[in-house]
Amino acid sequence: MNWGTNMADQDKQLDQLFAQAREARDVFPDDLAVRIEIDAEAVRLARSARTSRRTWRQRIGVIGGWHGLGGLVAASAAGVWIGFSAPTFLPDPVDYFVSQEATYLMADLNLDENYLEDAE
Amino acid sequence: MEDLTSYPNTAHGKSHAVPEPSDEELLGRFADGDAAAARLLTGRLGPRSYSVALRMLGNQAEAEDVTQEAMMRLWKMAPDWVPGQAQLSTWLYRVTLNLCVDLRRKKRPDALENVAEPEDGAASVVDRMQDAARKDALQAALEQLPDRQRQAVVLRHIEELSNPEIAGIMDISVEAVESLTARGKRSLTAILAGRRDELGYEHG
């Protein structure tokens with residue numbers, strides 16, 4: 001390749017150098033493509049996690065935020081505790097239902113001494 | 001005017017019987033959590049960013065880092081992209097060029113360190129050196145241009161973008177693009193002519 005001495009030749013030769021550069025344009029390192037795709041996946045997963053956290057924050061917001069959630073948890077825990085370990089000055093709801101059930105069942109059977117004697 | 005913005009589909013002459021999603025559509029899919037869209041965008045836009053970065057920096061490792069960073073910014077801004085505001089490729093070229101300028105400001109001056117290694121063969125040492133120098137002649141000349149001229153020349157004559165798109169990327173008028181590319185070509189010609197003897201070109 002001789003570098004021309006007039007403008008037209010020089011322009012033509014410069015265009016040839018540009019054409020050679022364009023041929024090399026599509027060369028793209030495979031490892032670079034992998035690095036870029038790993039970055040994309042990391043961004044996508046991070047965004048997905050943020051979206052998930054935002055959804056939970058919105059749900060918690062409906063019941064009054066973290067304070068509301070804390071109150072709800074405390075009230076639930078107190079209810080469970082009272083259910084299993086009622087204070088002495090309150091009637092035991094478990095006994096109440098069991099005794100009522102037992103009374104009802106016994107009355108419903110309508111047992112009397114004669115019935116038992118007949119069975120013997 | 002020829003649309004050069006949907007590379008590589010139109011540039012490689014693929015059939016348009018089944019319209020492929022635009023870059024902007026793929027970015028929207030990625031923002032919605034579609035991992036496959038990222039792979040397609042990497043294949044379409046990565047080489048364009050890398051090609052420009054390589055010509056602007058003349059260093060493969062730095063060009064790779066710039067391309068990775070430019071694409072990372074693309075992934076991060078995906079949910080905020082407003083369709084129709086600009087071509088996605090325009091945005092990516094602009095980010096890539098800005099990153100290149102930032103890097104050159106930090107590292108200057110080492111632009112000519114990246115001379116290609118000559119391949120082994122029967123050619124003499126002098127022949128191989130001249131061959132490597134010829135291959136790199138354009139790059140060495142490009143690196144002597146001012147940043148804006150080099151950007152305009154690379155985008156116009158290597159990336160083959162239209163003047164209006166280059167104007168959008170560089171945020172200047174079309175006339176300014178024409179002026180920069182014309183001056184850039186004249187400078188390249190002068191630089192290459194001055195290096196004729198050094199490159200072993202015969203007179204005549």
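**Figure 1. Confidence along the helices of chain A in this predicted model.** In this predicted model, the element of chain A with the lowest mean pLDDT is helix H5 (residues 113-119), at 57, whereas H1(A) has the highest, at 87. Taken over the whole of chain A, the mean pLDDT is 75, and 62% of the residues reach 70 or more. Chain A contains five helices and zero strands, so that, by the way helices and strands are assigned from DSSP runs, its elements read α-α-α-α-α from the N terminus on. Of the 120 residues in chain A, 7% count as buried.

**Figure 2. The side of chain A that touches chain B.** The contact between the two chains takes 24 residues from chain A and 31 residues from chain B. On the side of chain A, helix H1 (7-23) and helix H2 (30-62) each supply at least two residues, and H2(A) gives the most, with 11 residues. Sorted by class, this side of chain A has 13 nonpolar, three polar and eight charged residues. For the model as a whole, the scores are ipTM 0.75 and pTM 0.66.

**Figure 3. Ala21(A) and its partners in chain B.** Ala21(A) has its place in helix H1 of chain A, and when residues up to four places away in sequence are not counted, Ala21(A) touches Leu138(B) and Ile158(B). With 19 other C-beta atoms within 10 Å, Ala21(A) is partly exposed, because a residue counts as buried if 20 or more such atoms lie within that distance.

**Figure 4. Helix H7 of chain B and what covers it.** Helix H7 (residues 147-158) of chain B has 12 residues, which at 1.5 Å a residue should span 16 Å, and its end C-alpha atoms are 15 Å apart, which agrees. Because 10 of the 12 residues of H7(B) are buried, this helix is largely enclosed by the rest of the structure. Among the buried residues are Gln149(B), Arg150(B), Val153(B), Val154(B), His157(B) and Ile158(B). The cover over the buried residues of H7(B) includes H1 of chain A, together with H2, helix H4 (88-107), helix H6 (137-142), helix H8 (163-170) and helix H9 (174-194) of chain B. After H7(B) comes Glu160(B), whose phi is positive, near 60°.

**Figure 5. Val52(B) and its surroundings.** Val52(B) lies in helix H2 of chain B, and this residue is buried, because 27 other C-beta atoms lie within 10 Å. Leaving out residues up to four places away in sequence, Val52(B) touches Tyr93(B), Thr96(B), Leu97(B), Val154(B) and Glu159(B). The C-alpha atoms of Val52(B) and Thr67(B) are separated by 9.1 Å, and these two residues are 15 residues apart along the chain.

**Figure 6. The largest nonpolar core.** In soluble globular proteins, nonpolar side chains tend to be buried together. The largest nonpolar core of this model has 53 residues, and those with the most contacts inside it are Ala53(B) and Leu92(B). Helix H2 (residues 35-57) of chain B provides the largest share of this core, 10 residues, and the core draws at least three residues from each of domain 1 (1-114) and domain 2 (116-204) of chain B. Apart from its neighbours within four places in sequence, Leu92(B) is in contact with Leu45(B), Arg48(B), Ser49(B), Ala70(B) and Leu74(B).

**Figure 7. Helix H3 of chain B.** Helix H3 (residues 60-77) of chain B has 18 residues and reaches 26 Å from its first C-alpha to its last, close to the 26 Å expected at 1.5 Å a residue. The buried residues of H3(B) include Thr67(B), Ala70(B), Met71(B), Leu74(B) and Trp75(B).

Figure 8. Chain B has 10 helices and zero strands, and of its 204 residues 36% count as buried. Among the contacts in chain B with a separation of 6 or more, 63% are between residues 24 or more positions apart. The mean pLDDT of chain B is 82, and 73% of its residues reach 70 or more. Over residues 1-14 of chain B, however, pLDDT stays under 50, and the model has 14 contacts beyond four places in sequence for this stretch. Over residues 111-123 of chain B the pLDDT is likewise below 50, and this stretch has 16 contacts in the model beyond near neighbours in sequence.

Note on methods. Residues numbered from 1 in each chain as written. Chains lettered and ligands numbered in written order. Predicted model: local features only at pLDDT ≥ 70, side-chain atom pairs only at ≥ 80, totals over all residues. Helix = DSSP H or I, 4+ residues; strand = E, 2+ residues; numbered from the N terminus. Contact = placed C-beta atoms within 7 Å. Nonpolar A, V, L, I, M, F, W, Y, C, P; charged D, E, K, R; others polar. Core = buried A, V, L, I, M, F, W, Y, C linked by C-beta atoms within 7 Å. Domains from an automatic or database assignment. Expected span 1.5 Å × (residues − 1). pLDDT = per-residue confidence, 0-100.
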